[in-house]
Amino acid sequence: LCPFVLQLQVSVALREGQIRPTELCHRCLSQIEETKFLNAYITVTEEAAFKQAEESEERFKRGKPLGPLDGVPVAVKDNFSTAGIETTCASKMLQGYIPPFTATVVQKLLDQGAVLMGKTNLDEFAMGSGSIDSIFGPVRNPWGYSKQYRGESSRREDPGWLIAGGSSGGSAAAVASLTCFASLGSDTGGSTRNPAALCGIVGLKPTYGLLSRHGLIPLVNSMDVPGILTRSVDDAATVLGVLAGHDPKDSTTVQDHIESFELPDEIAVQNLCVGIPKEYHAPGLSSETLAAWTRAADLFENAGAKVVQVSLPHTQYSIVCYHVLCCTEVASNMARFDGLEFGHRSKMESSTEAMYAATRHEGFNDVVRGRILSGNYFLLKQNYERYFLKAQKVRHLIANDFLKAFSSGVDFLLAPTTLSDAAPYLEFTKEDNRTRSAQEDIFTQSANMAGLPAVTIPLTLSTRGLPISLQFIGRGFQEQKLLSVAKWLEKVVKFPLIELEATAGNLQDAPKHKTFTSAL
Amino acid sequence: MPCWGPRVVGLRLGVKLASRTETLRPGFLPRGDGRTAGSWRRWRHRGAPLQAGRLGDEKSHGGGSKVPQTPTWQAVAESNLPQKPDVTLQLIDHLERLALVDFRNQEGVTQLAKAIKFADRLHTVNTEGVEPMDSVLEDRCLYLRRDEATEENNAEVLLSVARRTVEEYFVSPPGNIPLPKRDEQDNLLIDPE
């Protein structure tokens with residue numbers, strides 16, 4: 001196992017020659033092998049990773065590393081296009097698809113010398129909140145194999161393995177199981193923050209317009225953002241600094257000058273005003289998450305911050321609004337998958353229409369198909385105003401709620417990320433994907449509706465020994481302030497590092513790894 | 001890209017519905033009290049409160065906290081919601097033609113009815129005088145670049161990811177052939193299972 005936990009630490013170690021990039025790469029690849037029962041990776045780019053690590057090593061030898069990420073192992077969700085590396089969206093529709101270009105944010109990582117370990121698992125086309133609906137099988141939560149959880153659960157019946165959250169469950173599990181130092185996810189309704197929360201790591205959803213989506217296979221264009229998953233707030237800030245900024249290939253990125261930043265070690269907490277959105281005590285919030293939320297609010301208050309309760313009155317309609325807008329945009333976005341230009345193509349050749357139909361029948365799972373059908377229903381001529389425009393109006397009310405809260409003097413909002421800690425797979429699958437998404441995205445999607453930045457950090461362990469996390473929601477483009485506050489709380493709560501137990505039992509039913517070795 | 005307008009055609013429904021007049025009656029919404037029932041019920045509620053000291057030694061404010069200690073959501077009265085949606089066979093047919101995906105089975109149809117029922121909660125929100133929100137960047141100018149080619153001709157690269165091409169063309173099966181009618185479609189789709 002790599003002796004360095006944080007990207008910040010390993011960057012220093014690389015610079016000081018305590019560890020070489022190839023050795024670091026080798027250790028992370030070994031860790032991927034040892035934790036492959038988690039099914040975090042769809043593709044492990046072993047050969048390309050070694051080549052990148054060797055190139056990085058040359059730069060260090062010459063004393064000219066590229067930046068803070070040079071030689072640092074990273075992973076990328078398999079819905080970011082990567083030239084020369086299969087990009088599947090965990091769907092049969094794109095199985096075997098090798099994009100001819102690389103997503104801007106991935107290219108920026110590579111340009112900084114980061115070493116790409118592989119592509120991570122997700123719910124098909126990022127539609128889900130458990131990372132269980134993937135053609136490559138579900139992702140398992142590393143905390144289910146931790147001493148912290150195993151020790152607590154030994155006294156009761158084993159409920160089976162735990163979900164990692166989703167849809168970026170592979171990216172979260174990859175970082176949480178120490179196979180890489182940072183990963184990219186995507187966040188449309190909480191897909192980065194949800195698995196980060198359940199896997200006990202930091203998950204940042206940046207402001208809409210700050211990071212390029214070019215090459216991120218779209219789900220909901222008006223909400224999608226690339227997400228950043230790391231083991232510390234400082235690391236998230238470093239990766240954000242590398243990725244942020246205008247991209248001529250994405251017209252929705254803003255043209256403001258963006259500078260990377262370092263987070264201060266000390267902040268004047270007594271000058272802060274913390275907003276507690278009262279509607280975030282939703283039905284179903286677990287008592288332990290409520291206790292952690294209460295505790296965190298008290299920590300701020302005890303440190304001298306002003307803590308006030310605020311109201312975001314349309315919160316409970318946000319998940320409904322999200323449901324409609326998500327389905328409608330999905331219906332539109334998924335029209336591109338017809339078998340002609342890329343991806344899966346049915347053998348049906350009797351007519352173009354029959355080929356389209358058969359391709360989409362064979363390529364999409366029930367969840368994707370269901371959202372396409374619902375979306376088309378909401379967009380029917382007779383329903384367009386009743387559902388689609390209505391949802392867009394409610395979206396305005398939700399965004400205005402945030403504006404009002406911030407203009408009342410609140411610096412940021414503090415709220416739970418999920419209702420509770422990670423569920424066992426057997427429990428989670430008792431409800432369908434749509435119901436689970438409505439529950440799991442309940443606290444996360446409203447930041448996407450308003451385009452605001454939000455970051456989740458783990459607070460404490462539940463009595464079962466699983467992470468409980470909270471999120472901070474900030475004003476648009478105020479990531480530096482948001483992360484500074486998150487870092488302060490991170491320092492106060494001292495969330496423990498995962499202690500993974502590698503047992504033979506873990507490995508028995510490990511999914512088989514594909515190794516794809518084309519160079520970038 | 002193909003045109004997704006009037007040219008799109010229908011698909012076979014995976015299972016037969018009982019009759020043409022049958023409608024589906026979903027039972028999805030929570031009972032009148034939205035706090036505890038139905039869809040919001042969580043799989044687990046038994047966790048004990050956070051152990052004191054796990055986060056540090058600060059005194060907790062307990063009852064004086066700004067964090068509400070009970071759920072704050074308003075129950076959505078069933079009576080305020082529209083009638084249960086009618087998912088008719090005709091509607092299913094129409095949607096399958098537009099979406100170019102099939103419902104596959106009864107479960108798919110039930111899911112649609114549930115999705116509509118869930119969406120209907122929007123109608124309890126007063127949106128009078130509110131403009132629809134297309135983009136969160138509505139207060140900014142959208143970046144427009146010059147209408148000039150920025151990349152070299154990459155037709156070859158793009159064609160390389162298609163399954164069937166001839167010279168510089170994507171190859172499709174014969175066009176302008178409508179899909180057979182529902183009762184003639186039984187063998188149309190190759191089921192992967």
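## The second largest pocket

Which element gives the most to the lining of the second largest pocket? In this predicted model, that element is α12(A), which contributes seven residues. The pocket itself holds about 670 Å³ of space. Its lining comprises 45 residues, and those closest to the centre are V367(A), R371(A), N433(A), R434(A) and Q111(B).

Both chains supply elements that give two or more residues to this lining: α10 (315-333), α12 (366-379) and α15 (433-440) from chain A, and α2 (106-119) from chain B. Sorted by class, the lining has 16 nonpolar, 17 polar and twelve charged residues.

## Cavities

The rule applied here gives five cavities of 30 Å³ or more. The second largest cavity has about 60 Å³ of space. Among the residues that line the second largest cavity are N79(A), F125(A), S186(A), T188(A), D224(A) and M334(A). The run L216(A), I217(A), P218(A) and L219(A) also belongs to this lining, as does A126(A). The classes represented are seven nonpolar, three polar and one charged.

## The interface between chain A and chain B

The size of an interface is often given as the accessible area lost when the parts come together. For chain A and chain B, the buried area is about 10,300 Å², and carbon and sulfur atoms give 61% of this area. In terms of residues, 121 from chain A are in contact with 102 from chain B.

Seven salt bridges are found across the interface of chain A and chain B. A salt bridge joins the side chains of R164(B) and E349(A), with an N to O distance of 3.1 Å. Polar contacts between chain A and chain B amount to 29 residue pairs, with both residues at pLDDT 80 or more. On the side of chain A that touches chain B, helix α9 (residues 287-302) gives the most, with 13 residues. That side of chain A is made up of 55 nonpolar, 35 polar and 31 charged residues.

Technical notes. Residues numbered from 1 in each chain as written. Chains lettered and ligands numbered in written order. Predicted model: local features only at pLDDT ≥ 70, side-chain atom pairs only at ≥ 80, totals over all residues. Heavy atoms only, no water. Contact = heavy atoms within 4.5 Å. Buried area = accessible area lost by both parts, 1.4 Å probe. Salt bridge = Lys/Arg side-chain N within 4 Å of Asp/Glu carboxyl O. Polar contact = N/O pair within 3.5 Å; in protein donor to acceptor, adjacent residues only side chain to side chain. Helix = DSSP H or I, 4+ residues; strand = E, 2+ residues; numbered from the N terminus. Nonpolar A, V, L, I, M, F, W, Y, C, P; charged D, E, K, R; others polar. 1 Å grid on protein atoms, 1.4 Å probe; cavity = no way out; pocket = protein on both sides within 12 Å on 5 of 7 lines; lining within 4 Å. Points joined across faces, edges and corners; volume = space filled by probe spheres on them.
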